Amino acid sequence: MGKPTGFIEYERLTEAYDPVESRLRHYREFVHTLNDSDARIQGARCMDCGVPFCTSGCPLNNIIPDWNDLVYRGNWKQALDVLHSTNNFPDFTGRICPAPCEAACTLGINAAPVGIKSIEHCIIDKGWEMGWIAPQPARHKSGKKVAIVGSGPAGLAAAQQLARVGHAVTVFEKNDRVGGLLGYGIPDFKLEKTVIDRRVAQMEAEGVVFKTRIIVGSQDVPAGIINDASEFVSAEALQKDFDAVILAAGAEIPRDLPVPGRELKGVYAALEFLIAQNKEVQQGKKNPINVKGKHVIVIGGGDTGSDCVGTANRHGAASVTQFELLPLPPEQENKALTWPYWPTKLRTSSSHEEGCTRDFAVATKAFIADGEGKVKALQAVRVAWQDGKMSEIAGSEFELPCDAAFLAMGFTHPVGALLDAFGVARDARQNARATTEGEGCYQTNVTKVFAAGDVRRGQSLVVWAIREGRQAARAVDAFLMGETTLPR
């Protein structure tokens, strides 16, 4: 814990943002980490609560009270070591994780929770600034080779863990840069790609080999999914050439909206917009979707929808409206009913604050054409929810001008052709089937083929992906060596 009376003496401090009018002119990060003094005050607020629910609320089981206390006492290097002991990439999570740890904070029962995420962000940025983060190559090589398919957070975490115990790790990525949706999906204003690049450089120095623009297993990639591949490697070749294979390719199939007019020009899956914008920012390739001066409607109220909102505002959209099918949640959760679990409540992102009309309990009925194959309006209806069932409200139909619509309703499951190529069995949701507990965890029905992250659990958070990557690495190490020293 921090200072015994700190939670009484100090208020929660939040990270500062650049003003809206200035940050809308660029795609760089605009969040400023706490200074040392403010971070220490936040660390001081950590209570002697007995049971650290923050640790169990975090999928990585980060040892949060320990590094809060270390920051309070000014022991930054030790705080970084504790942070890294459970999390390979706090520079990712400190920026984009929604912080379920803070929802579980004991202080949050009747006050503002400890600013755990802001402290994490501060620790990792100081670690890079001070030069404390360096490659950790293995002292001895195992002679075993592991292939990892997919370079998102699950694949990266598994790769780093396995390389550090001496295995020769090769990561295969079908796109032209490493990072999965971290690299192509999340906008640069939330996560600048130099943050990923420096981790990739660290891992290369640890012996990890990255091979981009290579598609594995099947060249059958559904429309709308990014694919920069110029080479193909079969599942059989990987199984022959490597001692173990980890599938960490994510859940890439977007949830579609099969309503009249879906085929019109101007109606896009969210990632068609976001990935192209990332490529424009990083490589100078012009985004073919430009919404400057246009009326934009984003369908879906989650993080991907919020990213579309922020990007559309940076384009200079005439208006941005975001629809959510579910009813408006309360601004403040009933903590007596929800704590320490993740609550349903209204969440307003920095992108929403930049300009957005949000509307809840709305179902899209159709996209209306302009007579030339383009969308010009959206027809919707208000809905009511009762006992978990939705019904349309009679007479509530309405229409809005719409020059561009982005479908941001989440992702359903991984590309089936990849799983089929390896002969991997699927669960009821079409994800790779593998248990996470006991002997043989993370192993699929196919010998020496493992699955981790969204490809196994479905669409989820970056913290869950890192957790599964770490745990899968442990399972693979035990499979290859008969025992393992990697942490669970």
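Reader: Which helices each supply at least two residues of the lining of the second largest cavity?

Author: In this predicted model, they are α5, α8 (100–103) and α9 (116–129). The general idea comes first. Rolling a probe the size of a water molecule over the atoms shows where empty space is left. Here the second largest cavity holds about 50 Å³ of space. Its lining includes Trp 67, Cys 101, Ile 116 and Glu 120.

Reader: How many nonpolar, polar and charged residues are in that lining?

Author: The lining of the second largest cavity has eight nonpolar, two polar and one charged.

Reader: What is the volume of the largest cavity, and which residues lie nearest its centre?

Author: The volume of the largest cavity is about 100 Å³. Of its 15 lining residues, Cys 46, Cys 49, Cys 54, Cys 105 and Thr 106 lie nearest the centre. Helix α5 gives the most to this lining, with three residues. By class, the lining of the largest cavity has 13 nonpolar, two polar and no charged residues.

Reader: Which residues form a nonpolar patch on the surface?

Author: Leu 325, Leu 326, Trp 385 and Met 390 do, with about 340 Å² of accessible area together. Met 390 lies in strand β16 (residues 389–392).

How values were computed
Residues numbered from 1 in each chain as written. Predicted model: local features only at pLDDT ≥ 70, side-chain atom pairs only at ≥ 80, totals over all residues. Heavy atoms only, no water. Patch = residues over 30% accessible without salt bridge, like charges linked within 9 Å, V, L, I, M, F, W, Y side chains within 5 Å. Areas by Shrake-Rupley, 256 points an atom, 1.4 Å probe, with all protein chains shown as cover. Salt bridge = Lys/Arg side-chain N within 4 Å of Asp/Glu carboxyl O. Helix = DSSP H or I, 4+ residues; strand = E, 2+ residues; numbered from the N terminus. 1 Å grid on protein atoms, 1.4 Å probe; cavity = no way out; pocket = protein on both sides within 12 Å on 5 of 7 lines; lining within 4 Å. Points joined across faces, edges and corners; volume = space filled by probe spheres on them. Nonpolar A, V, L, I, M, F, W, Y, C, P; charged D, E, K, R; others polar.
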